[in-house]
Amino acid sequence: KKELEELPTQIERVEEAVKSLETRLASPEFYREPADVVRGAVATLEKMQAELHDAYARWDALEARRNG
């Protein structure tokens, strides 16, 4: 139950981080950075998106179990 209560806050935090990084990646100036910085940012975004997907899936599973 506690996990179910904490997931919305966790999801919101990750969504904000994704949004911030997507804004950074959308800037043409960002791509003037060294290639390793760009690759690192893209990898981080992919990791955060996977984390978000997993959190939503977990939330759905916990809700389904709670609602029986």
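Student: Is A61 buried, partly exposed or exposed, and why?
Tutor: This is a predicted model. In it, A61 has a relative accessible area of 41%, so A61 is partly exposed. Buried would need under 20%, and exposed over 50%.

Student: Where is A61 found?
Tutor: In helix α2.

Student: And how far apart are A61 and D36 in space?
Tutor: 37 Å, C-alpha to C-alpha. In sequence, A61 and D36 are 25 residues apart.

Student: What about D60, buried or exposed?
Tutor: Exposed, with a relative accessible area of 55%. D60 lies in helix α2.

Student: How far is D60 from L4?
Tutor: Their C-alpha atoms are separated by 9.4 Å. Along the chain, D60 and L4 are 56 residues apart.

Student: Now E5. Which helix is that in?
Tutor: E5 lies in α1. Its relative accessibility is 53%, so E5 counts as exposed.

Student: How far apart are E5 and W59?
Tutor: 9.3 Å in space, between C-alpha atoms. The sequence separation of E5 and W59 is 54 residues.

Student: Switching to the helices. How do α1 and α2 pack?
Tutor: Helix α1 covers residues 2-26, and helix α2 covers residues 35-67. They pack at an angle of about 155°. The axes are 9 Å apart.

Student: Parallel or antiparallel, then?
Tutor: Roughly antiparallel. Angles over 145 degrees count that way, and the angle here is about 155°.

Student: Left-handed or right-handed crossing?
Tutor: The crossing of α1 and α2 is left-handed.

Student: What residue classes make up that contact?
Tutor: The contact of α1 with α2 has 19 nonpolar residues. It also has eight charged and three polar ones.

Student: Which residues of α2 are buried?
Tutor: V38, A41, L45, M48, L52, A55 and L62.

Student: What covers them?
Tutor: The cover over the buried residues of α2 includes α1.

Student: What span should α2 have, and what are its end C-alpha atoms apart?
Tutor: α2 has 33 residues, so at 1.5 Å a residue it should span 48 Å. The end C-alpha atoms are 48 Å apart, which agrees.

Student: What does the backbone do just after α2?
Tutor: G68 takes a positive phi there, about 60°.

Student: Last one, R39. Buried or exposed?
Tutor: R39 has 57% relative accessibility, so it counts as exposed. R39 is found in helix α2.

Student: And how far is R39 from L21?
Tutor: 13 Å in space, C-alpha to C-alpha. In sequence, R39 and L21 are 18 residues apart.

Key
Residues numbered from 1 in each chain as written. Predicted model: local features only at pLDDT ≥ 70, side-chain atom pairs only at ≥ 80, totals over all residues. Heavy atoms only, no water. Axes fitted to C-alpha atoms, helices over the stretch in contact; angles between N-to-C directions. Helix = DSSP H or I, 4+ residues; strand = E, 2+ residues; numbered from the N terminus. Parallel < 35°, antiparallel > 145°, perpendicular 65-115°, else oblique. Left-handed = near helix turned anticlockwise from the far one by under 90°. Nonpolar A, V, L, I, M, F, W, Y, C, P; charged D, E, K, R; others polar. Expected span 1.5 Å × (residues − 1). Buried < 20%, exposed > 50% of the residue type's maximum accessible area, 1.4 Å probe, protein only. Contact = heavy atoms within 4.5 Å.
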